[in-house]
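Subject: Structure handover

Hello,

Here is the structure for you to look through. My notes on it follow below.

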Amino acid sequence: MNPSRRPTYLAAALVALGLCLPAAAQEEIKIGVIYPLTGAAASTGLELKNAAQLAADLINGTDRSLNLPLAGAGGLPKLKGAKLKLVFADHQGSPQVGATEAERLITQEKVAALSGCYFSSVTTTASQTAERYGVPFLNGESSSPQLTQRGFKWFFRTTPHDELFVQNAFEFLRDLEKKKGLKPRRIAILAENTEFGTGAAKLQEKYAKEGGYEIVEKVLYPPKSTQLTSEVQKLKAARPDIVMQSSYLGDAILSMKTYKELGFVPTALVANNAGFNDSEFLKTMGKDGDFVISREVWALDLAARKPVIAKANELLRARHQVDFNGNSARAFTAIFALAEAINRAGSTKPEDIQKALRETNIPADQLIMPWGGIQFDETGQNRKGAGIIIQVQGGQKVTVWPFDLAGKDVIWPFPSWDKR
Amino acid sequence: MSRRAKLVWLAAALVALLFPLVAARPTWQNTAILMLMTAQMGVAWNILGGYAGQVSLGHAAFFGAGAYVSTLLSIKLGLSPWLGMVAGAGVSAGLSLLVGWPCFRLKGHYFAMATIAVGEIVQAVVNGWEFLGGAVGFYLPLQEKGFWGFVFNRSKLPYYYIALGLLAFSLLVNWAVARSRTGYYLRAIKDEPDAARSLGVSLTRYKQTAMVISSALAAMGGTLYAQKELFIDPGSTLSTSLSIKMALAAIMGGVGTLAGPVVGAVVLTAIEEASRVAFGGTGRGTDLVVYGGLIVVIAVFQPAGILGLFASRRGPARAAPAEAPAKEAA
């Protein structure tokens, strides 16, 4: 019992000190941040951690040149300039460890709010713990739609979820029709047959039906296939305008090689992130990877339209020699959203922060994301989130939709293999 | 059991019963629950892996069966998870018959390898089977439901005492098996399979008996996991790393002994939690290095398990399990 008592005395002494010196009462606001810092996703976890820390340092610092909420405020002004302190924890990719760490951060570290956890499965259990204790949990980068369908009162999510990403692809097609008079109608779906691919295919069918498109073929294949010849022949026979494809890296590469081999040329190949957005895909495919269209959460060339992206990216590069990517940009944004709400609440009481989060309304120009802003609906989901559509042009990923954020015009149709 | 052993068990039970009342911090209680759950898994594994000497590295399949059966029954039919726990144990025992029939034709390392394959196959099947939630898994609603509903939000104490009760039940089963005729057969099969067979002991039948009991207990642990975490997916309830953890608790504590898995689980969980709290936030994996290093140290210096430390005073480490028959004979 002795070791536990010592901090109590210390805390009592600190409280007493705080009563005497109200100005020094609150110097730190702790936020618990849980990421996969070891295991298969450790490198991603570290990127997320670095981005989140950069966000906190910008808020605690005095550089006012970035147009982000509270950047350069030197702490949280409405909390007497209290500094933001991120307490990081590692969930190792395990939902049980995530819940354990969430509880430790809440009860031992006394964090005002939690953020994380990248893996949807871990976000699930860690946010349950937060819900039990009545502590706000802001998730910035997990995309499973179910997370905001649980009726939780303390859970908020800034990133759009998977369903919205699929919806984006159809909005892109609709805009093409409206603004460029292109009318692709026949869609073929090619998807790997585990959760990711089948889930996406189901949503694509739903939105195709609503949008009046015709699904001319739907092919599911096992993700570790060593050949896709018969699958591609089926696609080719269906003569689709658009192929909507959900594949992991290996099969994305294999399918592209097979398209070339069999001379299959749809009007456009609209991929659903994953394998097609892996940097390894472009390295392996070289020129043959060109003209692929894919959905993305973020792209560096957005900086052309949003100068704040370039500035933030410079800072991250200076520290860690890497650029932002879709994951780290979202982690960065989550910390700003959380800090902005805590500051507006002017208190670290969970109820006050929860109320402030419900009233959050951050405009689009104060974000490094291609979103319409941050405003939560009653389920805690950011209703203004949006994805972007990129196209590989000359070996580079460029933003082609939404048109007002586009770096370049979309190249349509997909040129045939012999004319490249 | 010797008088001393009885006293130690009694003291341990008393400490376990009173612990959460003294240690009110939720994180301590949570760590204690993790210890009890790991110990229960280790005890379940030990019946097959320790007493019968059949090292299974696919026991997560049985743990997962318990988690999935109770969760499915609760979500789809609204049945109480307590009934689900019994059903899960039954399904798991049935599954173990299916697995045992081909796998028990293999001996030693080959059996262990086959069980790894079984574990992986079950995980792959569940990953791709939409009825079983696929790769996404299942969410259980976060609502206080009381004892019969098996969801407790307000306090950790119910989970603690349920975990303790389940561990006590598993130990009781283990104790009963160990002193029964089957228990002697299992040890004979482990040490001298050929001699056992020449005396008319059916190897397959008794190995299978051990596996049925072991897998049913593992499944009960799975149900408790599902009800505590309220979320299951193949990665967290069917992974090979979970199978290894079950084996590790038993092997570190002292394989083929009643108390071994409990001691192993307490030490393992303590190291795991303490190293993560101390180093986990650094992002350099220091905690796992410390965790792995300590396991290696124990394995090198105390290959008979931590319990061997205490047994060695009275003779060789193996003396502990052999003690019971000696007494019986007297």
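Two residues are in contact if their C-beta atoms, placed from the backbone, lie within 7 Å. On that basis, 26 residues of chain B are in contact with 30 residues of chain A. This is a predicted model: local features need pLDDT of at least 70, side-chain atom pairs count only at pLDDT 80 or more, and totals for chains, interfaces and linings use all residues. Residues are numbered from 1 along each chain as its sequence is written, while chains are lettered from A and ligands numbered from 1 in the order in which they are written.

**Where the chains meet**

Helices (H or I, at least four residues) and strands (E, at least two) are DSSP runs, numbered from the N terminus. Four helices of chain B each supply at least two residues of the side that touches chain A: H2 (26-51), H5 (108-128), H11 (234-237) and H13 (260-279). H2(B) gives the largest share, three residues. By class, this side of chain B has nine nonpolar, 13 polar and four charged residues. Here Ala, Val, Leu, Ile, Met, Phe, Trp, Tyr, Cys and Pro count as nonpolar, Asp, Glu, Lys and Arg as charged, and the others, Gly among them, as polar.

**The sheet in chain A**

Chain A has an open sheet of five strands in the order E2-E1-E3-E4-E5, with parallel pairing. Two strands pair if DSSP finds at least two bridges between them. E2 and E5 (155-157) of chain A stand at the edges, each with a single partner strand, so one side of each is left without a neighbour in the sheet. The twist averages 25° from one strand to the next. Axes are lines fitted to C-alpha atoms, for helices over the stretch in contact, and angles run from 0 to 180 degrees between N-to-C directions.

E1 (residues 28-35) and E2 (residues 83-90) of chain A run parallel and are joined by eight bridges. The chain gets from E1(A) to E2(A) through helix H2 (residues 42-60) of chain A, in a right-handed β-α-β crossover. Right-handed means that, with the strands pointing away from the viewer, the path from the first strand over the helix to the second runs clockwise. Lys30(A) stands opposite Lys85(A) in E2(A). Tyr35(A) stands opposite Asp90(A), also in E2(A). Helix H3 (residues 95-107) of chain A lies across E1, E2 and E3 (113-116), running at about 175° to E1(A).

**A helix pair in chain B**

The axes of H8 (residues 181-191) and H10 (residues 203-229) of chain B come within 10 Å and cross at roughly 115°. That makes H8(B) roughly perpendicular to H10(B) (65 to 115 degrees). H8(B) contributes Thr182(B), Tyr185(B), Leu186(B) and Ile189(B) to the contact. H10(B) contributes Leu203(B), Tyr206(B), Lys207(B), Thr209(B) and Ala210(B). These residues divide into six nonpolar, two polar and one charged.

**Backbone points to check in chain A**

The peptide bond from Gly116(A) to Cys117(A) is cis, with omega near 5°. Cys117(A) sits in the loop between E3 and helix H4 (120-133) of chain A. Another cis peptide bond joins Trp412(A) and Pro413(A), with omega about -5°. Pro413(A) is in the segment after strand E14 (396-401) of chain A. Lys80(A) has phi near 55°, a positive value in a residue other than glycine. Lys80(A) lies in the loop between H2 and E2 of chain A.

Best wishes

Methods:
Parallel < 35°, antiparallel > 145°, perpendicular 65-115°, else oblique.
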